Amino acid sequence: MVRLLDALEKGLMLFNSYLFIFLFLPVALAGYFALGRVGNLAPVVWLALASLVFYSVGNWQYVPLLVASIAFNYLIGYLLIARQLRPSSRFAVLTAGVAGDLLVLGIFKYAGFLAVNFNAMFSTGFVVNILLPVGISFYTFTQIAFLVDAYRGKVARYALPHYALFVTYFPHLIAGPILHHKDMIPQFERKETKRPDPHLILCGLIIFAIGLFKKTCLADSIQPLVSLAFGPSAPSFDQAWIGALAYTFQLYFDFSGYSDMAIGISLMFGIFLPLNFNSPYKAASIIDFWRRWHMTLSQFLRDYLYISLGGNRRGRVLRYVNLMITMLLGGLWHGAAWTFVAWGALHGVYLCINHAWNNYGPTLSPRLAPLANIAGLILTFLAVVIAWVFFRADNIDSAYYVLSKMADPTNIAFGRGEIAYSAFIIFYAVLAWFAPNTQEIMGYDHERRLVGEKLAARRLRPLFLYATAAVLAFGILGIQQHSEFIYFRF
Amino acid sequence: MRLASRHLVQFLGAAVAIMLMAVALNFVVDPLQLFRPARFYHPMYSNDSRMQNAGLIRSQDFDTVFMGTSLAIHFRQSDIDRLVGGHSLKLAMSGSTSHEQSFVLAAALERHPKRVIWQIDDWIFRAAPDVDSNPFLPANLYRRNARGLGEYLFSGAMARESLWMLARSVKPFEKTVARLTTGVLFKFPIADADDINILAPSFDVAGFYNARKSMAAFVRIIDPVRSAYLAEGYDYEAMVRIFESDAIGLIEKNPDVKFDIYFPPYSILQFVAMRDASPATLKVVYDFTAYAFPRLTKFPNVSLHDFREAKEITHDLGNYGDVIHHSPAIDLKVLSLISERKYVVDPKAPLASLERLKAQIEVYRMSQ
């Protein structure tokens, strides 16, 4: 009870908390499977209610906004799917729906940013103090996708409880993965998911354990090094690089750890979530990187923004323009700040260069392919690290400052501390580049709804089971304090 | 299905077993020496005083407690013992508030020391979260309740330190492990409790504490862009309320303990900065002193030392790294002055030192 009150006071129920692991999750699972004996609808309602409870911890004041958003989008969806409207009316309804969603997102996420820039340009004194509701970017995007698909005639009518669960489903609600209704709702409708499957629960636990370990043991451990570059003291050349690289790995292990935990939790309920990461730092090009990093966001931006803008169908020049617009808006989606715009712009430029190289660059002989791959991997990684400096910095000036230190090898500290920190960084780099990722370890196949086949077929040694149990134990033992996930703030 | 269920049970059983092994390791090694003093391995200590103090209070023998902020953090216990007498335990915490200090002192007073030497200033009585809302102070560890001990025993970070200490106690590994114990990878790098938060021998004292640095700090804090920070935390009503509960409350509860309370020798520049850039803050300082000194000197078990008027220290800017933090040489001087009782506030004239300080501040000119 004390824990619950603490959490209510301090905000957010975290996956990496005792409250979640030892109370909320077991109760949610038990209720879901118990109600599964009663019928097919009751567990869905239970899970939706449990998700609202999950969200309301620390965010209770935003629950009405979430519920209103669901009701609004469901109504718009109903008009598009069930009512026989004329094409022009359908378009008007879609426009109203998307505009409504974007308006709410704009007010809560961007009004303050707009006011600050307006004040800077016109010397006015508007003050906007609106707190950002957690998860608003994620649940707004999932619902816009639903409306667009409903308009395109790709959606059958869904029952309200299933739709509400699709939006609120707690494993993804706060920081994704961004779900697609066509992927999720049919799974919620299946009777089989309401019966406990020990194999899926075990695989879910193992995937959750890997994610928890990434968060509490890897991401949180390297976090103090980030301040070497982004802290109050002036960094030397090596400190700036250590800090920037530390953030590069912290962000990856934090966010991919969160995504693993979401996938693992969902799997315990028998629901397969889409993958969000596929060893992004192993990418040999920026195009490849975006197929591996925050994959559900990339797919969303591609399907609902880039293609809607015309994609590559209107000539090469417009393709680059569309790419830049998509990445700029993708950057802005992460937060209302010029640093995110700069980060998006940088990746837009990277992608344009990459596509131009593919179109106009020389064709390498197959013999040179391995070498080119290594060069591509290093170049891509460095480009990504430089972009992360903008992503992490408090403002553009700070980003330039850190980058200027990273480009000034005349000022090197390299003391005992820096040597130890460098060993840390190398360890993380080895993990990111050479270790198999979670889906490879577990044989997770979202499309085919398969996981842990080797485990089921006894092709894995008991050692695997004990090693992953140790990962879970270390993950739980690593829980020390209220450590939020970086992507919660988006 | 049956195989999967068996795997599930094995998996959960193994996870629980591993966690219990970590708990057992933490209990046996007990890096903070919360349950018992270290016997079969060499104890190690951390510079994270908010955490380490919880263990020191339990593991060390002492009859004198030394408390304070960053102004008291570099003192050596052996110097305190030598110059003031007794057998001391330093529990100073950088940036600490009176809530933290009073809470930690209360825990230490459960061990019935005879004396408390307490460095206080106005700023520790600023409004601050209570200790249970303070993420940096493991309050439940001091209380030794189930939650505090549970978090200690179930800590993976603590288990890592336990293993490290064990490795260090094995002869063939000792040197290698000691060399790797830098405080970066392992958080308990100090082999002697007397060395906790002491400036390293290699520290450039002259380069850090000098008139150039204190003047640079002065210029920085009176800059109109930053001068508002001088007033931060100075709310007279709140300070008096917090002083009453944290300081007076603790003294009243411990009439048998001797309290040597001292106001540290800030450089004169701190008050001159207030005089020139934030006069309202200086008035709060005066008013607070006018309230606190008569209150403190009424207690027969309190000796109050006001080093703010110690001109031979405060006017020599070479003693400072900024406008308030003094050098290790002044640490020793402070201890000697406590022993000599040179700047003890007279209970019959509790505001005399304040009047002398006011006069110094008024006449001080930067050309000096």
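## Where the two chains meet

Let's start with charges: between chain B and chain A there are zero salt bridges. Keep in mind as you read that this is a predicted model. Polar contacts between chain B and chain A come to one residue pair, with both residues at pLDDT 80 or more.

How much area do chain B and chain A bury between them? The figure is about 2,400 Å², and 72% of it is on carbon and sulfur atoms. In terms of residues, 25 from chain B are in contact with 31 from chain A.

## The chain B side of the contact

Now look at which parts of chain B touch chain A. Two elements of chain B give two or more residues to this side: helix H1 (2-29) and helix H6 (146-153). Of these, H1(B) gives the most, with 14 residues.

Next, let's turn to the cavities. The largest cavity holds about 50 Å³ of space.

## Around the largest cavity

Which residues line the largest cavity? You can find them in chain B: B:Ser49, B:Asn53, B:Leu56, B:Ile73, B:Gln77, B:Lys90, B:Ala92, B:Ala193, B:Ile196 and B:Asn197. Helix H2 of chain B (residues 49-59) supplies the largest share of this lining, three residues.

Sorted by class, the lining of the largest cavity has five nonpolar residues, four polar ones and one charged one.

Conventions
Residues numbered from 1 in each chain as written. Chains lettered and ligands numbered in written order. Predicted model: local features only at pLDDT ≥ 70, side-chain atom pairs only at ≥ 80, totals over all residues. Heavy atoms only, no water. 1 Å grid on protein atoms, 1.4 Å probe; cavity = no way out; pocket = protein on both sides within 12 Å on 5 of 7 lines; lining within 4 Å. Points joined across faces, edges and corners; volume = space filled by probe spheres on them. Helix = DSSP H or I, 4+ residues; strand = E, 2+ residues; numbered from the N terminus. Nonpolar A, V, L, I, M, F, W, Y, C, P; charged D, E, K, R; others polar. Contact = heavy atoms within 4.5 Å. Buried area = accessible area lost by both parts, 1.4 Å probe. Salt bridge = Lys/Arg side-chain N within 4 Å of Asp/Glu carboxyl O. Polar contact = N/O pair within 3.5 Å; in protein donor to acceptor, adjacent residues only side chain to side chain.
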